[in-house]
Amino acid sequence: MKEFIETYKQHKDDIEFFIQESIRNLGHLSSLKKDNFKQLFSLFPSLELVYITNKDTKIQTSANIYKDKMDLSAKNKDRSSIITKLEFKDNNMAFSRPYISSATRNSCMTVTVKEGDEILFLDFRIDILLEKLNLLELNKPFHALTKGFYILAGFSMAILAIITIGFSLFDFVYYLFIKGEISLEVMFKPIIALTLGIAIFDLAKTILEQEVFFKSYSKNSKVETKLLVKFLSTIIIALSIEALIVVFKIALNGYDEMINAFYLIAGIALILISLTIFVYFSNKKSK
């Protein structure tokens, strides 16, 4: 819901202008009461509730009118607390801030229109409004498909990360206590596997958080940058440990192949420099 509200605030003026002009083109909304505002619900798929109050008494004079039903229990309620907070423009319209509707339990915003001795309240559901204005993509079948894919991929990566860590620990215990062999490679290989396991698990966790459990409908460059930096940092650490092993192995067997270790270290340094430049420009852009 936070993203809905942020997107709404970014395009607030355009959204209000669109609704205002669309309502103005309809003429007097009071003439639509005879068919329970069906034309209005047809024009605005995001419209979920309409009700009317008396301008002087502030008492609701109509039922809560939904697209497919009516709720008579709301009739004769005092709406003065709501009306006193409204700031009507010259066109006798007022727009509320986004809020959670007590009637529908959805995030919505209300457009209030003065006509004669009546005030009409129109509640618009924010997520559908943003979707219909192409400010948000909420294709439900496609979303269900992509969510299922991310669930499969995310949990598969998490399981593989756990298997990688478990296998590295088993391999270390096997060589150390069963075979009785100890070497630099035996010591460092589990560290590399553990580091990669953490990187894979962290990536899986981020995918599940962003795309499954706390679905993100808009692109958040800060989250993406943080994920990339964290993942590459883990990879750099793993490669650095591998480079250290290579240097030790070459040093023990002679220095003829030391140039290969240099190439590996130079490659790591290049990745590190590239990451530093990326972080610098990302922070500069965000500021």
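Helices (H or I, at least four residues) and strands (E, at least two) are DSSP runs, numbered from the N terminus. By that count the protein has 9 helices and 7 strands. This is a predicted model, in which local features need pLDDT of at least 70, side-chain atom pairs count only at pLDDT 80 or more, and totals for chains, interfaces and linings use all residues. Residues are numbered from 1 along each chain as its sequence is written, and side-chain values use heavy atoms, with hydrogens and water left out.

**Overall dimensions**

- The protein has a radius of gyration of 30 Å, whereas a compact globule of 287 residues would have one near 19 Å. The radius is taken over C-alpha atoms, and the globule rule is 2.2 Å times the number of residues to the power 0.38.
- The C-alpha trace spans about 95 × 40 × 30 Å along its principal axes.
- F177 and K89 are 88 residues apart along the chain, and their C-alpha atoms are separated by 81 Å.

**Surface, burial and charge**

- Of the 287 residues, 32% are buried. Buried means under 20% relative accessible area, exposed means over 50%, and partly exposed lies in between (1.4 Å probe, protein chains only).
- The protein carries 35 positive and 31 negative charges, and their mean positions are 5 Å apart. Lys and Arg count as positive and Asp and Glu as negative; His and the chain ends are not counted. Each charge is placed at NZ of Lys, CZ of Arg, CG of Asp or CD of Glu.

**Contacts**

- Among contacts with a separation of 6 or more, 56% join residues 24 or more positions apart. Contact means heavy atoms within 4.5 Å.
- A161 lies in helix α6. This residue is buried, with a relative accessible area of 0%.
- Leaving aside neighbours within four places in sequence, A161 is in contact with G197, I200 and F201.
- The C-alpha atoms of A161 and S22 are separated by 54 Å, and the two residues are 139 apart along the chain.

**Aromatic pairs**

- The structure holds 7 aromatic pairs. Rings of Phe, Tyr and Trp (its six-membered ring) pair if their centres lie within 6.5 Å; planes under 30 degrees apart count as stacked, over 60 as edge-to-face and the rest as tilted.
- F44 and F124 form an edge-to-face pair, at 5.2 Å centre to centre and 85° between the planes.
- F44 sits in the loop between α3 (38-43) and β1 (47-54) and F124 in strand β7 (residues 118-125), so their pair ties together parts that are 80 residues apart in sequence.
- F44 and F124 are both buried. Ring pairs also link F18, F44 and F124 into a cluster.
- The rings of F262 and Y263 have centres 6.1 Å apart and planes at 55°, so this pair is tilted.
- F262 is exposed at 52% relative accessible area, and Y263 is exposed at 53%.

**Loops and positive phi**

- Most residues other than glycine have a negative phi.
- N76 has a positive phi, near 70°. Its place is in the loop between β3 (70-71) and α4 (80-83). N76 is exposed, with a relative accessible area of 59%.
- R105 also has a positive phi, near 65°. R105 lies in the loop between β5 (99-100) and β6 (107-115). At 66% relative accessible area, R105 is exposed.
- E257 belongs to the loop between α8 (221-253) and α9 (258-286). With 45% relative accessibility, E257 is partly exposed.

**Exposed helix positions**

- F177 is in helix α6 (residues 140-178). F177 is exposed, with a relative accessible area of 64%.
- K285 is in helix α9. K285 is exposed at 76% relative accessibility.
- The C-alpha atoms of K285 and D68 are 48 Å apart, and the residues are separated by 217 positions along the chain.
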